[in-house]
Amino acid sequence: MIYDMNSAAEIWTRVLKLMEGDLTATTLSTWFDDAEAVSLDTDTFVLYTPSNFKRDIIVSRYLPAVQKALRELFSADFDVKVLGEGERESLEKAGSSTFLPGTEEYTFDKFVVGSSNKFAYAAARSVADEPAKSYNPLFIYGESGLGKTHLLYAIAHAIHGQYPDYRIVYIRGDTFTNELIAAIREGRNQEFREKYRSADVFLMDDVQFIAGRESTQEEMFHTFNTLYEAGRQIVFTADRPPKEMLRLDDRLKTRFEWGLPVDVQPPDYETRVAIIKNKAIRRGMNLPDPVLRYIADNITANVRQIEGTVNKILAFQELMGEQVDVDTVTRAVRDMFKDKTEFLPSADIIIEEVGKFYNIEAGDIKGQARNKDTVLARQIAMYEIRRMTNLSLKEIGREFDGRDHTTVMHSIERIEKLTKQSPEMAEVIKDINANINARYE
């Protein structure tokens with residue numbers, strides 16, 4: 001069995017937040033108050049509402065708003081299916097035997113191997129073929145969007161195919177922290193520990209998010225030791241190697257490096273061409289060589305951006321009847337770059353992400369609380385808003401109970417000074433930025 005903590009529910013929370021820009025609070029509460037996310041796969045998002053009447057209203061009036069929000073999150077178009085009374089149970093029964101639904105395409109066969117990732121791919125295959133026999137733990141690191149999560153899912157699918165009775169646990173580092181906090185608050189510590197320490201295979205995505213969190217690191221230390229001593233396979237991914245996680249306990253750094261750290265680099269030109277061709281064929285397109293070359297020359301950042309480009313080209317073809325040629329692709333790529341450069345996160349999103357990082361309510365950050373952690377979070381939020389938006393000092397002050405612009409300036413200057421003097425503060429800012437940007441990938 002597998003526990004996928006990156007649930008569709010998290011995506012639905014983000015979608016609702018984005019929809020606030022298009023729909024009134026009354027509309028959202030009236031028609032979406034009891035709507036739940038059921039699943040998210042490569043091109044379909046499934047919602048459920050217990051009222052058939054609400055289902056019909058959502059489908060007839062508000063589907064475009066949901067699709068628009070999903071497009072903003074993923075730079076790709078999704079079909080949205082809304083289930084009504086009794087339909088969810090039928091769907092879940094039909095899909096109950098599916099392993100890790102929504103990730104079926106993330107297998108080794110569909111991972112495009114090139115010079116930038118072949119070492120990580122080979123290590124992942126070795127771990128999948130013989131869990132806990134070769135590299136334990138396996139630590140895969142690299143920038144966002146390069147295929148680390150694909151390899152993590154591929155390991156899970158391969159092991160499940162060979163050992164269907166293995167208990168496979170997948171979770172993100174920040175979700176692990178949130179679950180631990182909830183377990184402590186609700187007195188479910190033992191249940192939490194059994195859930196993770198009894199795994200046959202433990203997969204954690206973005207482990208860097210546990211750094212600097214004392215209780216989470218303590219729990220991870222004991223979880224790691226229990227699994228390792230029991231001969232269970234452990235795999236981590238992160239955006240940097242353990243030695244560069246300045247806020248990570250030394251004892252965890254050491255353990256993360258016990259097995260094999262491998263990096264994934266941005267794809268080179270030949271690999272980008274292969275990725276584009278592979279993804280286009282899977283979407284039913286046969287792109288001409290000039291088009292392949294144009295995309296490979298212009299989309300160089302990561303695999304996720306390449307996927308977004310292929311999806312947009314397909315949308316041009318399906319919705320506008322466009323022939324796929326260099327001119328069509330030029331428009332698609334130009335629009336994507338334009339969207340990217342014009343994107344600015346809102347002050348509310350920045351405050352929300354800072355709050356999540358420090359486990360502090362957004363209202364407390366905006367308000368008058370004066371305890372040390374809240375004051376620091378408030379100053380970081382002001383600093384991030386100044387860096388990531390076009391708001392003036394006076395406008396930023398309005399976001400925080402109308403504080404004076406001199407207070408905002410002092411906060412910004414303090415965080416700027418801290419980031420220069422403290423590598424750990426610089427790492428905190430990097431992690432918060434990654435969380436903010438992840439909401440729009």
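How far apart should the ends of helix 9 be at 1.5 Å a residue, and what is the distance between its end C-alpha atoms? Keep that in mind while you get your bearings; this is a predicted model.

**The whole chain**

Colour by secondary structure to start. The protein chain carries 20 helices and nine strands. Of its 441 residues, 49% are buried. Now think about contacts with a separation of 6 or more: 74% of them join residues 24 or more positions apart.

**Stop 1: helix 9**

Select residues 214–229, which is helix 9. With 16 residues at 1.5 Å each, the helix should span 22 Å, and its end C-alpha atoms sit 23 Å apart, so the two agree.

Next, show the side chains. Thr216, Gln217, Glu219, Met220, Phe221, Thr223, Phe224, Asn225 and Leu227 are the buried ones here. To see what covers them, bring up helix 7 (173–186), helix 8 (189–197), strand 7 (201–205), strand 8 (233–238) and helix 10 (250–256), which are among the covering elements. Before you leave, step just past the end of helix 9 to glycine 231, where phi is positive at about 75°.

**Stop 2: helix 7**

**Stop 3: helices 5 and 6**

Now for a pair. Two packed helices are described by the angle between their axes and the distance between the axes. Select helix 5 (residues 118–129) together with helix 6, which covers 148–162. Their axes are 8 Å apart and meet at an angle of about 25°. That angle makes helix 5 roughly parallel to helix 6, and the crossing is right-handed.

For the contact itself, show Ala120, Tyr121, Ala124, Val127, Ala128 and Asp129 on helix 5, then Leu151, Ile155, Ala158, Ile159 and Gln162 on helix 6. Sorted by class, the contact of helix 5 with helix 6 has nine nonpolar residues, one polar and one charged.

**Stop 4: proline 164**

**Stop 5: helices 2 and 3**

Finish with another pair, helix 2 (residues 25–32) and helix 3 (residues 52–74). Their axes come within 10 Å and cross at roughly 135°. With angles over 145 degrees counted as roughly antiparallel, helix 2 and helix 3 are therefore oblique to each other. The crossing of helix 2 and helix 3 is left-handed.

Show the side chains of Thr27, Thr30, Trp31 and Phe32 in helix 2; they meet Phe53, Lys54, Ile57, Ile58, Arg61, Tyr62 and Val66 in helix 3. This contact of helix 2 with helix 3 divides into seven nonpolar, two polar and two charged residues.

Definitions and conventions
Residues are numbered from 1 along each chain as its sequence is written. This is a predicted model: local features need pLDDT of at least 70, side-chain atom pairs count only at pLDDT 80 or more; totals for chains, interfaces and linings use all residues. Side-chain values use heavy atoms; hydrogens and water are left out. Helices (H or I, at least four residues) and strands (E, at least two) are DSSP runs, numbered from the N terminus. The expected span of a helix is 1.5 Å times one less than its number of residues. Buried means under 20% relative accessible area, exposed over 50%, partly exposed in between (1.4 Å probe, protein chains only). Contact means heavy atoms within 4.5 Å. Axes are lines fitted to C-alpha atoms, for helices over the stretch in contact, and angles run from 0 to 180 degrees between N-to-C directions. Angles under 35 degrees count as roughly parallel, over 145 as roughly antiparallel, 65 to 115 as roughly perpendicular and the rest as oblique. A crossing is left-handed if the near helix is turned anticlockwise from the far one by less than a right angle, and right-handed if clockwise. Ala, Val, Leu, Ile, Met, Phe, Trp, Tyr, Cys and Pro count as nonpolar, Asp, Glu, Lys and Arg as charged, and the others, Gly among them, as polar.
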